[in-house]
Amino acid sequence: MNIRRVTFDHPDAVKLNDQVQAEYAVRYGDEGDVTPLDPSMFQPPVGLYLMAYDAQGRPVATGGWRTQDENDEGYSDGDAELKRMYVVEEARGNGLARRILAALEDDARAAGRIRMVLETGNKQPEAIALYASSGYEPCVKFGHYRFHEDSRCFAKLL
């Protein structure tokens, strides 16, 4: 597996983002995650976006982090927010999400961030299991979906 830094608007990132949005729409019966995102949010040193490619060069997994500091959406100074963690169905169960997560944590730590935070939903039990097994703990809700009943927020000190 080859993990590379890409831009959030890279064609492969857009392709997998469209796939994860479609999966969210099916799971939650809505239009997917409408959190406002801009490619500049994932540019070092304020963020990072990673793409994993299989041996044939096909994009199979993504994930990114972006800087967050104290604001009216409930973030705290020093936060790094995990976004768009996704593994295509045929590549699941091979540890890709865990590898991307570790790389993102390392990068955010090196950038001076002190806590990784993420929001997921109760209809994504495999995501919740990954984060719990990686040391994430439930925290006070934050972000775009902080008032949604299905939303679950987690944090881990870096």
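Q: Is Asp69 buried, partly exposed or exposed, and what surrounds the salt bridge that Asp69 makes with Arg113?

A: Asp69 is partly exposed, with a relative accessible area of 31%; buried means under 20%, exposed over 50%, and partly exposed in between, using a 1.4 Å probe and protein chains only. This is a predicted model, in which local features need pLDDT of at least 70 and side-chain atom pairs count only at pLDDT 80 or more, while totals for chains, interfaces and linings use all residues. Residues are numbered from 1 along each chain as its sequence is written, and side-chain values use heavy atoms, leaving out hydrogens and water.

The side chains of Asp69 and Arg113 form a salt bridge of 3.2 Å, N to O (a side-chain nitrogen of Lys or Arg within 4 Å of a carboxyl oxygen of Asp or Glu). This pair links distant parts of the chain, 44 residues apart: Asp69 lies in the loop between E3 and E4, and Arg113 in the loop between helix H2 (96-110) and strand E5 (115-121). Helices (H or I, at least four residues) and strands (E, at least two) are DSSP runs, numbered from the N terminus. Arg113 is buried, at 15% relative accessible area.

Gln68 is in strand E3 (residues 59-68) and is buried, at 9%. Among the residues that Gln68 touches are Arg113, Tyr75 and Glu81, where contact means heavy atoms within 4.5 Å. The side chain of Gln68 also makes a polar contact of 3.1 Å with the side chain of Glu81 (a pair of N or O atoms within 3.5 Å, one able to donate a hydrogen and the other to accept it; residues adjacent in sequence count only if both atoms are side-chain atoms).

Terms used:
Lists of a residue's contacts leave out its neighbours within four places in sequence.
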